[in-house]
Amino acid sequence: MIEVRRDVSLGHYNTLALPASAAAFVEVSDDAGLPRALEWAAQHELPVLPLGEGSNVVLVGEQQALLLRLSTSGVEELERGPEHVLLRVAAGQRWHPFVAWTLAQGFCGLENLALIPGTVGAAPIQNIGAYGVELSHCLVAVHALRVADGAALTLAAQDCRLGYRDSVFKHELCDQLLITAVDLRLATRAQTHTAYPALRDHLDAHGLGEPTPQQVFDAVVAIRRARLPDPAREPNAGSFFKNPVLEAAQAQALQARFAGLPGYPQDDGRVKLPAAWLIEHCGFKGRRRGAVRVHREHALVLVNDGAGRGEELLALAREIAAQVADTFAIELEIEPRVYGAAA
Ligand SMILES: Cc1cc2nc3c(=O)[nH]c(=O)nc-3n(C[C@H](O)[C@H](O)[C@H](O)COP(=O)(O)OP(=O)(O)OC[C@H]3O[C@@H](n4cnc5c(N)ncnc54)[C@H](O)[C@@H]3O)c2cc1C
């Protein structure tokens with residue numbers, strides 16, 4: 001059984017607390033309900049908008065769609081080898097509690113990704129990443145239903161074309177699949193990734209030269225709690241823009257012109273620049289436009305003070321992007337997915 005509701009307010013279903021609504025809304029907590037929801041959408045000629053925790057979306061106005069909120073849960077152990085375990089995790093499972101659970105089992109690999117809001121099913125969409133680790137480090141496969149006909153299919157990790165905050169689900173397969181589960185390969189022998197500067201500094205400051213995975217998890221949680229604005233108090237969607245990645249020559253030319261502009265060399269020879277630095281340099285830190293603003297301490301985070309609408313937020317984002325383009329000749333790309341008329 002699925003229960004589809006009409007004209008549902010979405011204010012509580014997105015971490016920016018934007019006042020959007022859905023023409024139709026269904027919350028599905030068991031796998032059997034997923035094909036039924038897709039059938040319902042086809043019968044009513046509505047597109048399907050899958051939603052997890054709404055922590056990476058900008059919802060503008062009324063969504064003429066069946067908003068399908070996934071709250072399926074469950075973890076299955078598929079295989080255990082001498083040094084690894086293979087898990088299948090339901091798409092609606094909340095990410096952070098799942099990461100905490102893996103550590104409690106003695107599985108490691110996800111500790112740097114602690115406290116990222118959202119669901120397991122959304123994690124491959126932008127190949128979530130933090131503190132030097134991305135989902136691609138342990139993703140084995142993605143299971144999905146094709147929205148058009150409900151057919152079940154599996155994509156191997158290499159077919160997901162995971163990149164920096166990017167995947168095939170944002171391109172060729174955009175809006176075509178409902179992810180139902182994700183297979184992850186985790187290590188059963190402790191190994192950690194601690195080279196990321198902010199993480200290394202924190203560990204050193206606490207005398208943890210060779211931390212356990214649990215200590216890395218605790219450090220990431222502590223850093224994020226101290227540094228990142230909590231959406232429950234300051235509604236936001238995390239980083240609003242992706243960090244631009246430029247050819248080395250272009251990055252060097254900019255660094256010669258703008259003293260102090262940091263650059264992070266990538267494996268492919270290109271250089272990643274911090275969007276926050278570019279935005280701050282343009283004077284936007286803390287700038288307010290009506291009920292929306294750039295965070296006072298985090299130039300990359302846009303905040304809705306409560307009464308803000310999606311249009312206002314996007315207008316501020318466009319103003320920022322235009323100024324950055326004028327100053328640095330760089331086109332900033334919005335990280336969250338924008339849904340609605342003004343997208
Ligand atoms: C405070 C804060 C901090 C953050 N920090 C980070 C960070 O460090 N690193 C990082 O990478 N991200 C970060 N994010 C972004 C966000 O947490 C991730 O992108 C997360 O994976 C989104 O999960 P969600 O369930 O909320 O997805 P939603 O926002 O609900 O959806 C995001 C997109 O995925 C699609 N989608 C969701 N579930 C499915 C599914 N089952 N099948 C098909 N499509 C689906 C939606 O249609 C939408 O297009 C942060 C966000 C916030 C608010």
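Select Thr-15 to begin. Setting aside neighbours within four places in sequence, Thr-15 is in contact with Glu-53, Gly-54, Ser-55, Pro-231, Pro-235, Asn-236 and Ala-237. Keep in mind throughout that this is a predicted model.

**Stop 1: Thr-15 and its loop**

Stay on Thr-15. Its place is in the loop between strand 1 and strand 2. Is Thr-15 buried or exposed? Its relative accessibility is 18%, so Thr-15 counts as buried, because buried means under 20%. Now show the backbone of Asn-236. The backbone oxygen of Asn-236 lies 2.7 Å from a polar atom of the Thr-15 side chain.

Move along to Ala-17. This residue also lies in the loop between strand 1 and strand 2. With a relative accessible area of 27%, Ala-17 is partly exposed. Look at its backbone: phi is positive, about 55°, although Ala-17 is not a glycine.

Next, pick Leu-18. The loop between strand 1 (5–9) and strand 2 (21–28) holds this residue too. Leu-18 is buried, with a relative accessible area of 0%. What is Leu-18 in contact with, leaving aside its neighbours within four places in sequence? Show Leu-10, Gly-11, Val-58, Leu-59, Asn-304, Gly-308, Arg-309, Gly-310 and Leu-313, and you have the list. Then draw a distance from Leu-18 to Ser-239. They are 221 residues apart in sequence, and their C-alpha atoms are 16 Å apart in space.

**Stop 2: Asp-7 in strand 1**

Step back to Asp-7, which lies in strand 1. Asp-7 is exposed, with a relative accessible area of 59%. Check the backbone angle here. Phi of Asp-7 is near 50°, a positive value in a residue other than glycine.

**Stop 3: the ligand**

Now select the ligand and the residues around it. There are 31 residues around the ligand. Which of them come nearest? They are Pro-50, Gly-52, Ser-55, Thr-119 and Tyr-339.

A polar side-chain atom of Ser-55 lies 2.6 Å from an oxygen atom of the ligand. A polar side-chain atom of Tyr-339 lies 2.7 Å from an oxygen atom of the ligand. For Gly-129, look at the backbone instead. One of its polar backbone atoms is 2.8 Å from a nitrogen atom of the ligand.

How much of the ligand does the protein bury? Taken alone, the ligand exposes 970 Å², and the protein buries 93% of that. Colour the surroundings by element next. Strand 3 (48–51), strand 8, strand 12 (177–187) and strand 19 (337–340) are the elements that give two or more residues to the shell. Strand 12 supplies the largest share, three residues. Then colour by class. The shell has 16 nonpolar, eleven polar and four charged residues.

**Stop 4: Gln-93**

Select Gln-93. It lies in the loop between strand 7 (84–90) and helix 2 (95–104). Gln-93 counts as buried, at 18% relative accessibility. What does Gln-93 touch, not counting residues up to four places away in sequence? Show Thr-72, Ser-73, Gly-74, Val-75, Phe-98, Gly-118, Thr-119 and Val-120.

**Stop 5: helix 4**

Go to helix 4, residues 213–227. Draw a distance between its end C-alpha atoms: they are 21 Å apart. The expected span uses one less than the number of residues.

Now mark the buried residues of helix 4: Pro-213, Val-216, Phe-217, Ala-219, Val-220, Val-221, Ile-223 and Arg-224. What covers them? The cover includes helix 2, strand 8 (129–130) and helix 3 (197–205). Strand 8 is also among the elements that give two or more residues to the ligand shell.

**Stop 6: Ala-144**

Finish at Ala-144, in strand 10 (residues 139–146). Ala-144 is buried, with a relative accessible area of 1%. The C-alpha atoms of Ala-144 and Thr-154 are separated by 6.3 Å. Not counting residues up to four places away in sequence, Ala-144 touches Ala-151, Ala-152, Leu-153, Leu-177, Leu-178, Ile-179 and Thr-180.

How values were computed
Residues numbered from 1 in each chain as written. Predicted model: local features only at pLDDT ≥ 70, side-chain atom pairs only at ≥ 80, totals over all residues. Heavy atoms only, no water. Helix = DSSP H or I, 4+ residues; strand = E, 2+ residues; numbered from the N terminus. Buried < 20%, exposed > 50% of the residue type's maximum accessible area, 1.4 Å probe, protein only. Contact = heavy atoms within 4.5 Å. Expected span 1.5 Å × (residues − 1). Near = heavy atom within 4 Å. Polar contact = N/O pair within 3.5 Å; in protein donor to acceptor, adjacent residues only side chain to side chain. Areas by Shrake-Rupley, 256 points an atom, 1.4 Å probe, with all protein chains shown as cover. Nonpolar A, V, L, I, M, F, W, Y, C, P; charged D, E, K, R; others polar.
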